[in-house]
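Hi,

Here is the structure I promised to pass on.

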Amino acid sequence: QVQLVESGGGLVQPGGSLRLSCAASGIWFTDYTMGWYRQAPGKQRELVATISGTHGTYYVNSVKDRFVISRDNAKNTVALQMNSLKPEDTAVYYCNAVHIIDTRANYWGQGTQVTVSS
């Protein structure tokens, strides 16, 4: 059974930082590209960042130079360090795992709320 369990969300003031973590189980971790998505109220879910098994990364323009995605293949975890947070970063953040060959193997976590507000 595949499980992706996120943690680390919360309330933070503008300009602050948060670190999200996602623990994966039930998959061969290095065979998966890991990613973080977010969904704000009334908006579609959007990609934030991805990291391959060999640590290649991608970021959406709106978070470049502020967010850092990383993974620990020994611990089956992926993290998202979020700095210089803005109110527009407020959303539910979801961890995602997609197999590098068979993209039908596509899994989601339950989501964690991030609220940026003064």
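Below are my notes on the salt bridges and the disulfide.

A word on the ground rules. This is a predicted model, so I kept local features only at pLDDT of at least 70 and side-chain atom pairs only at pLDDT 80 or more, while totals for chains, interfaces and linings use all residues. Residues are numbered from 1 along each chain as its sequence is written, and side-chain values use heavy atoms, with hydrogens and water left out.

**Salt bridges**

Searching the whole structure turns up four salt bridges, where the term means a side-chain nitrogen of Lys or Arg within 4 Å of a carboxyl oxygen of Asp or Glu. Take Arg 38 and Asp 89: their closest N and O atoms are 2.9 Å apart. That pair ties together distant parts of the chain, with Arg 38 in strand β4 (residues 32-39) and Asp 89 in the loop between β8 (77-82) and β9 (91-99), 51 residues away. Strands here are DSSP runs of E, at least two residues long, numbered from the N terminus.

Asp 89 also has a salt bridge to Arg 66, at 2.8 Å from N to O. This one is a link between distant parts of the chain as well: Arg 66 sits in the loop between β6 (57-59) and β7 (67-72), 23 residues from Asp 89.

As for burial, I call a residue buried under 20% relative accessible area, exposed over 50% and partly exposed in between (1.4 Å probe, protein chains only). Arg 38 is buried because its relative accessible area is 5%, and Asp 89 is buried with a value of 0%. Arg 66 is buried too.

Arg 104 and Asp 102 form another salt bridge, 2.9 Å from N to O. Here Arg 104 is exposed, since its relative accessible area is 73%, whereas Asp 102 is partly exposed at 29%. Back on the shared partners, salt bridges join Arg 38, Glu 46, Arg 66 and Asp 89 into one network.

**Disulfide**

With a disulfide taken as a pair of cysteine sulfur atoms within 2.5 Å, the count comes to one. The bond is between Cys 22 and Cys 95, with an S to S distance of 2.1 Å. The torsion about that S-S bond is about -80°, so the disulfide is left-handed. It connects distant parts of the chain, Cys 22 in strand β3 (residues 18-25) and Cys 95 in strand β9, 73 residues apart. Both Cys 22 and Cys 95 are buried.

Cheers

Conventions. Helix = DSSP H or I, 4+ residues; strand = E, 2+ residues; numbered from the N terminus.
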